[in-house]
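Here is a friendly walk through one protein model, with its strands, sheets and helix pairs taken in turn. Please keep the viewer open as you read.

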Amino acid sequence: MEKLKQLQEYVKQQGLDAAYISNYEDIQYFTGFGSDPVERVLALIVFPDADPFLFAPALEVEDIQQSGWHYPVYGYLDHEKPFAMIADEVKKINPNPQKWGIEMSNLTVDKLNALQEQFPKAEFKHNLTPEVESLRLIKTPDEIEKLRAAGKEADFAFKVGFETVKPGMTEADVAAEIEYQLKKRGVMQMSFPTLIQAGKHASQPHGDTSTNKIEDNELVLFDLGTVHDGYISDASRTVAVGELNDTQKEIYQVCLEAQLAAQAAVKPGVKAEDLDKIARDIIDKAGYGKYFIHRLGHGMGMSEHEYPSIMEGNQLELKENMCFSLEPGIYIPGVAGVRIEDCVRVTKDGCEPFTHTAKTLQQVAK
């Protein structure tokens, strides 16, 4: 609960009367209880000089009480008015809270309006998102161990996928086998839907796994990750099914060079934008710059997309135990797509990758 205490101290320093945490991942980060409430209301209310409380659907209350949460928890039934009930509990601590902090990047307009109706004279102008992002930025030893464990699960997933893929199978066949074998090992949740893209389909970096059949002599892109005790892995590899032509080989080698160069440059004091430039310059020089159409990376931890972005214009200096992805890609429409990705932890003088599957070009289904 150390991070919760830091948040409470921030609330006090900023002169806020209350803070409303709405992002369910942030609630898990601060409380240890994790659940996506979907359309229901799950909120953490933090005060400067009083105990916080959790407000949740009634069906979650028992789980919260058993999760290690030592402060009050209040539940509501679906037919009840959650924001009126939240207001009742807040007013027992502070009858007239004037200054509120909210997560502006997460709290929906309708929920903000409902909160404002309960406190019509209050201000909801203080954005908590930057402070929460800052608190989550530097990972603790416990968080790092969970990320390592998730990385090992991703490496196993790659092994299964590489042993499974062959011409005639669909992308969905390969994804299904990976997730089946993970579940047999007790890994029950992927950090995002397993992505398998073959041949020219891989030129769509935000495409989906499809029923397209894998053909001989093409590149197949794997992008996958698992959830281990609330923390994720996220990694990409691209392999050769059969023999490749010169263009396929070249874009793979260029992408690999870019990824390795960026990863080798990671250390405290380097700026986030510098890493993006290192990888991008290599791809530009090889003539494929217009096909690298996304940032180099993103933060990761409890979510596969956290603060910070590793991209042009971000002058954030890296610090030890920041964790993020490094994933250059080359996507040529109608031809092929390549992405090579590891998530890494910044160390005292470099970085530690969480996945260790070989990145040299592998020929599978020989």
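## Strands and their partners

In strand β14 (residues 323–326), Cys323 and Ser325 point one way while Phe324 and Leu326 point the other, and all are buried. Buried here means under 20% relative accessible area, with exposed over 50% and partly exposed in between, using a 1.4 Å probe and protein chains only. In a regular strand the side chains alternate between the two faces of the sheet. Helices (H or I, at least four residues) and strands (E, at least two) are DSSP runs, numbered from the N terminus.

Before going further, please note that this is a predicted model: local features need pLDDT of at least 70, side-chain atom pairs count only at pLDDT 80 or more, and totals for chains, interfaces and linings use all residues. Residues are numbered from 1 along each chain as its sequence is written, and side-chain values use heavy atoms, leaving out hydrogens and water.

Back to β14: 4 bridges join β14 to strand β17 (residues 342–346), and the two run antiparallel. Across from phenylalanine 324 stands valine 344 in β17. Two strands pair if DSSP finds at least two bridges between them.

β7 and β8 run antiparallel and are joined by 4 bridges. Glutamine 197 has leucine 221 in β8 as its bridge partner.

Where does aspartate 223 sit? Its place is in strand β8 (residues 218–224). Aspartate 223 counts as buried because its relative accessibility is 10%. Its side chain makes a polar contact with the side chain of serine 236, at 3.1 Å. A polar contact is a pair of N or O atoms within 3.5 Å; within protein, one must be able to donate a hydrogen and the other to accept it, and residues adjacent in sequence count only if both atoms are side-chain atoms. Leaving aside neighbours within four places in sequence, aspartate 223 is in contact (heavy atoms within 4.5 Å) with residues including Phe192, Asp234, Arg339 and Glu341.

## The sheet of 6 strands

Another open sheet has 6 strands in the order β4-β3-β2-β1-β5-β6, again with mixed pairing. Its edge strands are β4 (73–76) and β6 (123–127), each pairing on one side only. From one strand to the next, the twist averages 25°. Strand β1 (residues 18–21) runs parallel to strand β5 (residues 99–102), with 3 bridges between them. Alanine 18 stands opposite tryptophan 100 in β5. Helix α1 (residues 2–13) packs on the sheet and touches β1, β2 (43–46) and β6; its direction makes about 55° with that of β2.

## Helix pairs

Two packed helices are described by the angle between their axes and the distance between the axes.

| Pair | Angle | Axis distance |
|---|---|---|
| α9 (residues 246–265) and α10 (residues 272–285) | about 155° | 8 Å |
| α7 and α8 (residues 171–184) | about 135° | 9 Å |
| α2 and α6 (residues 129–137) | roughly 55° | within 12 Å |

Angles under 35 degrees count as roughly parallel, over 145 as roughly antiparallel, 65 to 115 as roughly perpendicular and the rest as oblique. α9 and α10 are therefore roughly antiparallel to each other, whereas α7 and α8 are oblique. At the α9 and α10 packing, residues including Val254 and Ala258 in α9 meet a set in α10 that includes Leu275 and Ile282.

Helix α2 (residues 24–31) is mostly covered, with 6 of its 8 residues buried. Asparagine 23 caps the N-terminal end of α2, where a side-chain oxygen lies 2.8 Å from the backbone nitrogen of glutamate 25. After α2 comes glycine 32, whose phi is positive, near 90°. Glu25, Asp26, Tyr29 and Phe30 in α2 meet Val132, Leu135 and Arg136 in α6.

Technical notes: Axes fitted to C-alpha atoms, helices over the stretch in contact; angles between N-to-C directions.
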